[in-house]
Amino acid sequence: MKRLIWICASLLIGCLYLQAEDGSRLWLRAATDAQATVTANKKSPTVDLAVRELQTQWKGGAVKLLLTQAKEVSRLGRDGFRMDGNRKGLTIQSAGEQGLLYAAYHLLRIQETGKANGEILVEESPAYDIRILNHWDNLNRTVERGYAGYSLWQWDELPAVLSPRYEAYARANASIGINATVLNNVNASPQILSATYLPKVKALADIFRPYGIKVYLSVNFASPAVLGGLPDSDPLRPEVQQWWKDKAREIYKLIPDFGGFLVKANSEGEPGPHDYGRTHVDGANMLADALKPYNGIVMWRAFVYNPSGDDRAKQAYLEFMPFDGQFRDNIIIQVKNGPVDFQPREPFTPLFGAMQKTPVMAELQITQEYLGFSNHLAFLAPMWEEFLHSDTYGQGAGSTVAAATDGSLFTQKLTAISGVANIGEDTNWCGHHFAQANWYAFGRLAWNNTLSSAQIADEWLRTTFTSEPEFLTPVKRMMLDSHQAVVDYMMPLGLHHIFAENHHYGPQPWFDKASRPDWTSTYYHKASGSGIGFDRTASGSNAVAQYFSPLREIYSNPATCPDKYLLWFHHLPWNYRMKNNRTLWDDLCYSYDRGVKAVRNFQQVWDEAERYVDAQRFTEVQSKLKIQARDAVWWRDACLLYFQTFSAQPIPYELERPVNELEELKKIKLDMKHHN
Ligand code: GCV
């Protein structure tokens with residue numbers, strides 16, 4: 001009897017342990033004991049997955065999955081789907097197997113978010129053909145700008161040992177529509193293309209395939225010389241071209257559906273065609289030709305800036321616009337959302353809407369390099385929504401970034417969107433429970449670039465935590481306010497890149513000596529006794545001229561320039577009168593203060609949510625919010641005390657006073673080698 005009790009107790013503890021809310025299940029927490037009746041007119045690994053997901057989780061009546069080439073269905077594409085029926089019985093149709101899988105996840109999502117009642121009539125097709133994560137994972141398993149532990153890819157064990165997390169990763173991605181992944185850092189080791197690594201890549205591709213996920217690799221432009229022993233990697237040298245063609249053949253033999261290459265060339269010291277006096281077009285076209293026979297593509301990055309060059313914010317446009325229309329049709333130019341570098345807030349890069357004869361894709365950063373790592377709660381959907389909805393005026397009003405990239409404005413053979421992943425081997429995948437929402441949001445926006453941040457937050461909270469209204473309403477508000485809060489306590493009013501050197505965690509607006517001027521903070525804020533901000537109007541770098549009218553006029557005039565971009569485009573005196581009638585200095589102080597107060601409020605909101613959240617996740621988020629609140633004060637004090645040495649004005653007396661000494665803050669040096 002004693003033994004029986006002991007066994008029962010252990011089983012119970014085991015079950016509880018399985019149910020532990022450590023965040024590992026992400027938004028996929030639905031019960032799996034449903035036993036639904038699901039049939040399909042095709043058997044394949046992908047369709048079988050769709051069937052299994054529904055069988056185990058769909059709590060309604062029979063579901064029929066139909067793979068069909070019927071016109072009204074095939075117009076939705078192979079990833080799109082149509083479902084119609086109701087809770088008691090449903091038919092799902094798609095022209096592609098992946099479409100059926102996406103439909104299964106869609107149905108489960110509407111079930112879990114309480115929207116699967118009544119008639120269910122849905123037609124969906126993705127905004128972008130390629131919805132891709134970029135992992136900045138190194139072969140030694142460190143992750144550049146990764147804040148969730150080491151890389152998921154256990155290169156030393158692959159291909160013999162296959163971690164169960166590979167499949168869990170694929171499933172999570174498929175559940176939100178992500179269909180591609182670049183496994184390695186854009187600062188790429190040539191070794192990834194070696195005979196040692198390619199079988200490891202193949203092993204991952206085989207696991208991801210049923211989930212509709214294609215594998216891509218970042219390649220080092222100097223690979224023919226480094227790996228192939230050629231005298232150089234000049235793209236016009238026939239042996240170099242042949243080397244890439246042979247490499248492509250070798251890859252496709254192992255991975256027939258391999259996606260293609262992502263390339264960072266002649267940027268931040270990476271090799272590229274300029275090393276041989278060649279152009280981006282020469283380099284990209286050579287790689288494209290090697291991949292073309294297999295339908296592979298090249299994603300060529302426009303993140304280039306030369307230390308001796310013009311205003312850093314202008315350089316991608318200056319380098320790439322002259323080449324518009326000269327790239328092969330299996331090339332897409334990958335452009336960061338903002339013209340400097342994933343800052344907490346930037347205006348959009350002017351290449352969007354301007355490059356009209358070459359497909360352009362956005363690169364977003366899901367990992368929070370400039371937004372507090374995995375310590376700060378910053379829901380990024382509002383930032384991406386703002387970006388995607390920005391009007392470029394490329395073809396007149398309404399030419400939003402979304403339209404300029406998803407094929408609705410320009411005829412584009414390729415459409416894509418990428419996000420730099422925030423995933424690592426941490427149990428909760430992303431380091432912060434709420435950082436999972438950014439992975440989720442990226443996938444959902446890549447699928448539907450018109451979704452609102454509020455809807456995404458709502459779905460994510462309901463599936464990841466609970467639908468309890470008393471939890472949902474305040475916590476959703478907190479998420480939606482969180483990006484602006486970070487902007488406020490780090491870099492309000494268009495300030496940018498005043499981060500601590502290299503690791504980019506804390507504030508260092510005083511940083512003025514680096515190996516190149518555009519790696520200092522003073523280059524960007526230009527504070528002095530006479531004012532603050534980067535003049536990008538005609539009297540300064542004239543970056544405004546890269547935008548279409550009427551944007552360039554709107555941005556040129558401080559009276560019409562949105563406050564959020566004011567110091568991005570203008571150098572203004574400390575007593576400049578803001579639209580709200582405060583002086584610039586006072587408004588800066590108010591902004592920092594607002595940021596600090598917002599985080600304190602998040603702490604309160606979270607504490608009040610305690611009874612709706614399991615203990616582990618509650619405490620972990622609570623601890624992170626404490627760090628964030630302390631960091632917000634650190635940012636406010638560092639920036640205001642430093643800028644005050646120029647403004648020579650008091651912090652408005654109604655605001656909270658600094659609690660730190662500037663000289664003490666200047667001494668802080670974080671040991672963050674791992675994060676560089
Ligand atoms: C992968 C920024 C980051 C680098 C990153 C680079 C890029 O400069 O700090 O870590 O390198 O962008 O996007 O290539």
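**The cis bond at Pro 550**

Pro 550 is located in the loop that runs between helix 16 (522-525) and helix 17 (551-556). In this predicted model, the peptide bond leading from Ser 549 to Pro 550 is cis, and its omega is near 0 degrees.

**The loop between strand 6 and helix 5**

Pro 159 belongs to the loop between strand 6 (130-134) and helix 5.

The loop between strand 6 and helix 5 also holds Arg 141. Although Arg 141 is not a glycine, its phi is positive, at about 75 degrees. As background to these backbone features, most residues other than glycine have a negative phi, and most peptide bonds are trans.

**Packing of helix 4 against helix 5**

Two packed helices are described by the angle between their axes and the distance between the axes. For helix 4 (residues 97-112) and helix 5 (residues 164-175), the axes come within 9 Å and cross at roughly 75 degrees. Helix 4 is therefore roughly perpendicular to helix 5, since angles of 65 to 115 degrees fall in that class.

On the side of helix 4, the contact is formed by Leu 101, Tyr 102, Tyr 105 and Arg 109, while helix 5 contributes Arg 171, Ala 174 and Ser 175. Sorted by class, the residues in the contact of helix 4 with helix 5 comprise four nonpolar, one polar and two charged.

**Surroundings of the ligand**

The ligand has 14 residues around it, of which Glu 144, Lys 264, Arg 301, Lys 336 and Glu 369 come nearest. By class, the shell around the ligand consists of eight charged, three polar and three nonpolar residues.

Which distances separate polar side-chain atoms from oxygen atoms of the ligand? For Glu 369, a polar side-chain atom lies 2.6 Å from a ligand oxygen atom. The corresponding distance is 2.7 Å for a polar side-chain atom of Arg 301, and 2.8 Å for one of Arg 145. The ligand has 340 Å² of accessible area on its own, and the protein covers 96% of that area.

Methods
Residues are numbered from 1 along each chain as its sequence is written. This is a predicted model: local features need pLDDT of at least 70, side-chain atom pairs count only at pLDDT 80 or more; totals for chains, interfaces and linings use all residues. Side-chain values use heavy atoms; hydrogens and water are left out. A residue is near a molecule or strand if one of its heavy atoms lies within 4 Å of it. A polar contact is a pair of N or O atoms within 3.5 Å; within protein, one must be able to donate a hydrogen and the other to accept it, and residues adjacent in sequence count only if both atoms are side-chain atoms. Accessible areas come from the Shrake-Rupley method with a 1.4 Å probe; for residues, only the protein chains shown count as cover. Ala, Val, Leu, Ile, Met, Phe, Trp, Tyr, Cys and Pro count as nonpolar, Asp, Glu, Lys and Arg as charged, and the others, Gly among them, as polar. Axes are lines fitted to C-alpha atoms, for helices over the stretch in contact, and angles run from 0 to 180 degrees between N-to-C directions. Helices (H or I, at least four residues) and strands (E, at least two) are DSSP runs, numbered from the N terminus. Angles under 35 degrees count as roughly parallel, over 145 as roughly antiparallel, 65 to 115 as roughly perpendicular and the rest as oblique. Contact means heavy atoms within 4.5 Å.
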